[in-house]
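Welcome to a short tour of one protein chain. Take a moment to turn the model around on your screen, and then we will walk through it together.

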Amino acid sequence: MRIATFCLAALLALAGAVHAAAPAPAGLDFPKTPFKGGNVNPVWRIELKRVEAGVVELRLSSPRGVPIAAGTLTSVEPVLKLPVFGELKGQYGVAGQVVIRQRTRPAQVLVAPSKAGAPCQDARGEKYAQAVFVVIGAASDPDQLYYGCGEYAKP
């Protein structure tokens, strides 16, 4: 009986590992078109580039391209629960670990289309089709929170 229980537990663990490694469902997968965005006060830029199904490379930088954070994230349900903004829902979400100041920290990114008739505006008033939230640290108590706008690259 113990051997059967052990085998069942091993199979369930293996099934979980296989499930975790499977590509994100089509509705959650980040588009193949790269996303670039940021804001001007404070100045920061973000680049999100899909490297394979369910996997996105993030580069977060400050003026003149000085890196703030970088990492490989995976597609997740596009929802952020933040103490300041409440629950935010978007079109695409990615999460994982990033390297920031030589430390590994959790990060989440939410990309959402602007509301019809109300485009996302950066601190200069420039209008964009997408809004982007970047959370470094735990969403319940973020170390850093960035809000900005952006666009997908034109094909």
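## A bridge between two cysteines

The torsion about the S-S bond that links Cys 120 and Cys 149 is about -75 degrees, so this disulfide is left-handed. Cys 120 belongs to strand E9 (residues 120–121) and Cys 149 to strand E12, so the bond ties together parts that are 29 residues apart in sequence. Keep in mind as you look that this is a predicted model. In it, the two sulfur atoms sit 1.9 Å apart, and the count for the structure comes to 1 disulfide. Are Cys 120 and Cys 149 buried or exposed? Both of them are buried.

## The overall plan

Now step back to the chain as a whole. Its secondary structure consists of 1 helix and 12 strands. If you read along the sequence, the pattern is α-β-β-β-β-β-β-β-β-β-β-β-β. The chain has 155 residues, and 36% of them count as buried. Among contacts with a separation of 6 or more, 42% are between residues 24 or more positions apart. The chain exposes about 9,600 Å², and carbon and sulfur atoms supply 58% of that area.

## Inside: the nonpolar cores

Which residues touch the most other members of the largest nonpolar core? They are Phe 30, Ile 46, Leu 48, Leu 60, Val 109, Val 134 and Ile 136, out of 23 residues in that core. The elements that give two or more residues to it include E2, strand E3 (55–61), strand E4 (67–76) and strand E11 (130–136). E7 gives the most, with 4 residues. There is also a second, separate core of 7 residues, and Leu 80, Leu 88, Phe 133 and Val 135 are among them.

Leaving aside its neighbours within four places in sequence, Ile 136 is in contact with residues including Leu 60, Ala 69, Val 98, Ile 100, Pro 142 and Tyr 146.

Ser 75 is found in strand E4. With a relative accessibility of 11%, Ser 75 counts as buried, because buried means under 20%.

Most residues other than glycine have a negative phi, and most peptide bonds are trans.

Against that background, look at the loop between strand E7 (92–100) and strand E8 (103–113), where Arg 101 is placed. Gln 102 lies in the loop between E7 and E8 as well.

| Residue | Phi | Relative accessible area |
|---|---|---|
| Arg 101 | near 50 degrees | 67% |
| Gln 102 | about 60 degrees | 79% |

Why does Arg 101 count as exposed? Its relative accessible area is 67%, and exposed means over 50%, so Arg 101 qualifies. Gln 102, at 79%, counts as exposed too.

The other stop is a peptide bond. Asn 41 and Pro 42 are joined by a cis peptide bond, with omega about 0 degrees. Where is Pro 42 found? Look in the loop between strand E1 (35–40) and strand E2 (43–52).

Technical notes:
Residues numbered from 1 in each chain as written. Predicted model: local features only at pLDDT ≥ 70, side-chain atom pairs only at ≥ 80, totals over all residues. Heavy atoms only, no water. Buried < 20%, exposed > 50% of the residue type's maximum accessible area, 1.4 Å probe, protein only. Core = buried A, V, L, I, M, F, W, Y, C linked by side-chain atoms within 4.5 Å. Contact = heavy atoms within 4.5 Å. Disulfide = S-S within 2.5 Å. Areas by Shrake-Rupley, 256 points an atom, 1.4 Å probe, with all protein chains shown as cover.
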